[in-house]
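Hi,

Here is the model I promised to pass on. Have a look at it first, and my notes come after.

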Amino acid sequence: MRVVFLGPPGAGKGTQAVLVAQHLSVPHISTGDIFRANVSQGTPLGLEAQRYMDAGDLVPDSVTNAMVRDRLRAGDTGDGFLLDGYPRTTEQADFLAQVLAESGRALDVVLALDVSDEVVVPRLLTRSVQDARVDDTEDVIRHRMNVYRAQTAPLVDYYRGQSLLRTVDGEGSVDDVTGRILAVLRG
Ligand code: B4P
């Protein structure tokens, strides 16, 4: 199964993607995690990505697309994958479709996690205490939400127009949300 998780910062994409990928036995591919691993290792990619991430901006498509293309060419994606946090722009979505088409593949479903701003901000502020992520301060969180609205939210209509979109209520306990997602994916 080839799945994309879509949603605003703090929607629970990363949290749910780990659990759902295990259920589906497919690799979990998080662009945020790949960037953070590169930042902590001090690679050239990490140095490039860090200034955008710290500010809450998107890393440029030129960097992100090439990274995802290489990852999707790896053999472990043959039986499917769960993409978490990618695509985040319509340009990335067009690029993804093209990369998959090159190997005769296409997405099966795009799962949008629906949560209100009132739920998201406290979640991220809690994480800022636990994980000390530089991009989880209140100002940067607000900026990331604006970036989401301007650049990523249009993907909801983009994928709805392709009849790939399924929306799941992302509020409530982690277990409740996982159950809703699996019900949709198995439905
Ligand atoms: P991401 O790592 O994707 O960060 P995120 O949007 O905050 O989502 P994340 O998955 O981490 O959090 P989640 O909602 O699961 O991106 C970080 C940065 O990387 C971006 O700002 C950008 O700079 C760059 N980047 C990544 N992908 C890119 C792309 N494609 N193009 C360009 N740039 C890109 O969880 C948030 C918190 O909520 C956690 O603490 C979790 O424990 C908690 N939580 C989750 N579910 C909960 C629940 N049901 N109840 C209570 N708490 C819950």
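First, the ground rules. This is a predicted model, in which local features need pLDDT of at least 70 and side-chain atom pairs count only at pLDDT 80 or more, while totals for chains, interfaces and linings use all residues. Residues are numbered from 1 along each chain as its sequence is written, and side-chain values use heavy atoms, with hydrogens and water left out.

**The sheet**

There are 5 strands in an open sheet, ordered β2-β3-β1-β4-β5, with parallel pairing. Helices (H or I, at least four residues) and strands (E, at least two) are DSSP runs, numbered from the N terminus, and two strands pair if DSSP finds at least two bridges between them. The edges belong to β2 (28-30) and β5 (165-169), each with a single partner strand, so one side of each has no neighbour in the sheet. From one strand to the next, the twist averages 25 degrees. Axes are lines fitted to C-alpha atoms, for helices over the stretch in contact, and angles run from 0 to 180 degrees between N-to-C directions.

Going across the sheet, pair by pair:

- β2 and β3 run parallel and are joined by 3 bridges; Ile-29 sits opposite Leu-83 in β3.
- β3 (residues 81-84) pairs with β1 in the parallel sense over 4 bridges. Here Arg-2 faces Phe-81, and Phe-5 stands opposite Asp-84.
- β1 and β4 are parallel too, with 4 bridges, and Val-3 is opposite Val-109 in β4.
- β4 and β5, again parallel, share 5 bridges; the bridge partner of Leu-113 in β5 is Val-168.

Is β3 covered on one face or both? Both: Phe-81 and Leu-83 on one side are buried, as are Leu-82 and Asp-84 on the other. Buried means under 20% relative accessible area, exposed means over 50%, and partly exposed is in between (1.4 Å probe, protein chains only). As for β4, 5 of its 6 residues are buried.

**The cores**

The largest nonpolar core has 23 residues. By nonpolar core I mean a set of buried Ala, Val, Leu, Ile, Met, Phe, Trp, Tyr and Cys residues joined through side-chain atoms within 4.5 Å. Those with the most contacts inside this core are Phe-5, Val-20, Leu-82, Leu-111, Leu-113, Ile-181 and Leu-185. At least two core residues come from each of β1 (2-6), α1 (13-24), β4 (109-114), α6 (117-131), α7 (138-152) and α9 (174-186).

Contact here means heavy atoms within 4.5 Å. Apart from this core lies another, of 21 residues, among them Ala-93, Val-99, Tyr-159 and Leu-164.

**Helix α2 and its surroundings**

α2 lies across β2 and β3, running at about 65 degrees to β2. Helix α2 (residues 31-41) also packs with helix α4 (residues 61-72), at an angle of about 105 degrees and with their axes 11 Å apart. The two helices are therefore roughly perpendicular (65 to 115 degrees; under 35 counts as roughly parallel, over 145 as roughly antiparallel and the rest as oblique). Thr-31, Ile-34 and Phe-35 from α2 meet Val-63, Thr-64, Met-67 and Val-68 from α4. By class, that contact has 5 nonpolar, 2 polar and no charged residues. Ala, Val, Leu, Ile, Met, Phe, Trp, Tyr, Cys and Pro count as nonpolar, Asp, Glu, Lys and Arg as charged, and the others, Gly among them, as polar.

Most residues other than glycine have a negative phi, and most peptide bonds are trans.

- The peptide bond from Tyr-86 to Pro-87 is cis, with omega near 0 degrees; Pro-87 is in the loop between β3 and α5 (90-102).
- Ala-132, in the loop between α6 and α7, has a positive phi near 55 degrees. Ala-132 counts as exposed, at 60% relative accessibility.
- Ser-163, in the loop between α8 (154-160) and β5, has a positive phi near 60 degrees. Ser-163 is exposed as well, at 69%.

Over to you, cheers!
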